[in-house]
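Here is a short briefing on a protein model. Keep the structure open while you read.

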Amino acid sequence: MELGSKLRTRVLKLRSFRRHMAIAVHKSFETVRLNFTRAVLASMSRNHPIPSGRTMSRKRPVGSAKRTRTARSFEQPKKTKVVLLACGSFNPITNMHLRMFELARDHLEDTGQYEVVQGILSPVGDGYEKKGLIEASHRGEMAKLAAESSSWIGVDTWESRQANWLETVKVLRHHRQELLSREPDTDVVGTAKAGRKRKRMDASSATKRRKLEEGPPQRSDEPRLMLLCGADMLDSFGVPGLWKPEDIEEIVSSYGLVCITRGGSDPEAFIQGSDLLWPHRHNIHVVREWVANDVSATHIRRALRRGHSVRYLLPDPVLGYIQERGLYTTE
Amino acid sequence: MGRIPLVLLACGSFNPITNQHMRLFELARDHMHHTGRFQVVGGIVSPVSDSYGKRGLAPAQHRVAMARLALHGSGWVTVDDWESRQPDWTETVVTLRHHLQKLLGQQPSAADLQMPHSSLEGSSEPPQLKLLCGADFLDTFRVPGLWRAEHVEELVGRFGLVCVSRGDLQADRAVHESDTLFRHRHNIFLVREWVRNETSATEIRRALRRGLSVKYLLPDAVIDYVREHQLYTWQSEQRNKDAVLRPLGQQGAPSEPLNDS
C-alpha cells in the first residue's frame, strides 16, 4: 500500500530513531561491560574490596565475605576447579557442618591453586540404621533449608534415596559421574538449587564460549571432586575392619580429602603414621578450624530432648522445622 | 507460682555481636528457668560507649545497629543504647542501676517492657536484674585498677551474676579464690555449656580483615552490614591502639586488687 508522503517521512524517521536507539542501547551495554571489566581489573589489587561477580547477579549471596574470586580467575586462569562433597547423617544439620564448607573453601582458595565452585551435602540413607537417625526425607529438607542462604552449597538426595547404605567411595563415584556427564554450558552451581540459577558473569561466559568452541570438555577442565570431612572421619580410617584399604586408596588418590580439624585430634600425625595415606598427603588438605567449637549434632539432639534451647547453633529455618514437627524430642 | 521475674543484662563491646553472644542468653534463660525460682522475662544487650577506648572498637551507632539486626527475630532479647550514648564510659554498676530503676519504675505492661503480658502477672515478687557474662569476666575482678571494690560488692550482692562457661571449673575457681565472690556465691549462677563453643569477636574481626568467611558464626544480616560499611579492616583495628582503657584511666591509681584470697 502506498504510504502518503507525510506518513512515509514519519516511518523513515521512526526507523532511523529506532536504529539510533539500538546503537545507543548497544553502546550503553558495552559501556557497562567495559566499566565492569575496568572495575574488576582495578580491584585486582588486594587492597580494594572487590565487587565480585556474585554481587552483580540477581540473587546477592548473603554473608559471603570473599571478594577476590573473579579477580583471581583473571590472574591465574589455570586453577583446578573443585567441588566439595560432604557425606554424613546431618541429623540434624548444624552451623558447624556449614562452617566446614566455608573453611574448606577459604583454605583451598588461599593456596592459589584451586577454585571451589560447588558444595554438596549428601545426607546418608535410612539404611545406615544409626540410633536416633530420623527419616532421610526430614534430614534432606532440613539440609535444604540450611543451605538456602548459600550461593554455592546445595543438597543432593541421591544417596539418601538408595535402599541400602552405600560406601562413601560409591557416592563419590556417582557424583563424579554426574559432574563428567554434565552439559558444558550448565550452570555448575545450579543443579541442586532449582529456580536459583545465577547469571554467569562475562568472564565465565567467555569460558563457556571457549568450551563450546573447543568441543567437548577436556578431562583436565572438569572440576575435581573432593571429600569434605571432619578429623574424626580421617581417624576412622584407622579402625580395623571399618574401611576397605582399596577404598581409602581410591578416595585419597582419585579424589582427595579436605579434613577439618576438631579439638583433640591431630590429623597430620595420623597421616604421618599411615603408610596408606602418606604417599597421598598432598591430596589430603588439613584445615584448622580457628574457632574452638565442638558443638555437634549429638549435642543438639541431647539439648532438644531436654527442652533446652539450640537457637544460634543451627539456622533458624531448620530450628523452625524441628519445632513444628516436634522432632528429636525422644531417644 | 512465686517465680521471680528476671531480666538479664549483658554489657560488652559487641564488636561485632556474634551467634555466641546470643547463645549466652539462651543458655542463661534455660538455666535460670530450671532452678525453679526464676522466670526470665527479658534480655538486654547494652553495647559499651566509644569512650571505652578498647582497641579496634567500631563506632557505637554501628555496633548498636548490628546488634539490632542480629536480635531482630528474637522474641525476648532487645538492644538498649543508653550506655552507648553516655558522654563518658559508664561503670557496669551504674548501667545496672539505670536499668533496674527503669524496670521497677515501669508499669508492668507488655508495651513498655516488650515482654509477654502474662510474664509479670501473678507474681508477687519484684523483678530482678542480673548481669550476664562469660567466665573470663570473673577474672577481670583481679585486674588492678579495673574495678572498685565497692562496685564488685554491689554487683554480686545487690544484683547478681549469671556466668556462662564451659564445664572447665574456671568460673568455680574464680569464685572460690575471692572472698567477696565467695560470700555472695548464692547470687552467682554458673551456667555450663559442656561443649566448647567459643566464637570470639576478636577472631571474627581478624577473619573479616583477611577476607575469610565468617558465615554461620554470626547472622547473615550482620555480615552484610559489616561489608556495606566496611567496618573491620586493618585500619579499624588500629583505633585506640595507644589509648588507655577508660576504666583504668578514670579510676586513677589502681585500687586494691581483689586479691583477698
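Predicted model: local features only at pLDDT ≥ 70, side-chain atom pairs only at ≥ 80, totals over all residues.

Chain B has 261 residues, and 54% of them are buried. Its interface with chain A buries about 3100 Å².

**Chain B as a whole**

- The secondary structure of chain B consists of 13 helices and seven strands.
- Take the contacts in chain B between residues at least 6 apart in sequence: 80% of them join residues at least 24 apart.
- Chain B has an accessible surface of about 11700 Å². Carbon and sulfur atoms account for 50% of that surface.

**Salt bridges**

- Side chains of opposite charge can pair when their charged atoms come close.
- Over all chains, the structure holds 25 salt bridges.
- One of them pairs B:Asp88 with B:Arg246, with the closest N and O atoms 2.9 Å apart. B:Asp88 sits in the loop between helix H3 (82-85) and helix H4 (92-105) of chain B, and B:Arg246 sits in helix H13 (residues 246-250) of chain B, so the pair ties together parts that are 158 residues apart in sequence.
- B:Asp88 is partly exposed, at 27% relative accessibility. B:Arg246 is partly exposed too, at 25%.
- B:Lys215 forms a salt bridge with B:Asp220, and here the closest N and O atoms are 3.2 Å apart. Both B:Lys215 and B:Asp220 are buried.
- In chain A, salt bridges with shared partners link A:Glu167, A:Lys170 and A:Lys244 into one network.
- B:Arg148 forms a salt bridge with B:Glu150, with the closest N and O atoms 3.9 Å apart. B:Arg148 is partly exposed at 32% relative accessibility, and B:Glu150 is partly exposed at 48%.

- The size of an interface is often given as the accessible area lost when the parts come together.
- Between chain B and chain A, carbon and sulfur atoms give 50% of the buried area.
- On the chain B side, B:Arg196, B:Tyr216 and B:Arg227 supply 25% of the area buried against chain A, more than any other three residues.
- In all, 31 residues of chain B are in contact with 33 residues of chain A.
- How many salt bridges are counted between chain B and chain A? The count is zero.
- Ten residue pairs are in polar contact across this interface.
- Helix H1 (19-34), strand E7 (197-198), helix H10 (201-209) and helix H11 (220-229) of chain B each give two or more residues to the side that touches chain A. The largest share, six residues, comes from H1(B).
- By class, that side of chain B has ten nonpolar, ten polar and eleven charged residues.

How values were computed: Residues numbered from 1 in each chain as written. Chains lettered and ligands numbered in written order. Heavy atoms only, no water. Helix = DSSP H or I, 4+ residues; strand = E, 2+ residues; numbered from the N terminus. Buried < 20%, exposed > 50% of the residue type's maximum accessible area, 1.4 Å probe, protein only. Contact = heavy atoms within 4.5 Å. Areas by Shrake-Rupley, 256 points an atom, 1.4 Å probe, with all protein chains shown as cover. Salt bridge = Lys/Arg side-chain N within 4 Å of Asp/Glu carboxyl O. Buried area = accessible area lost by both parts, 1.4 Å probe. Polar contact = N/O pair within 3.5 Å; in protein donor to acceptor, adjacent residues only side chain to side chain. Nonpolar A, V, L, I, M, F, W, Y, C, P; charged D, E, K, R; others polar.
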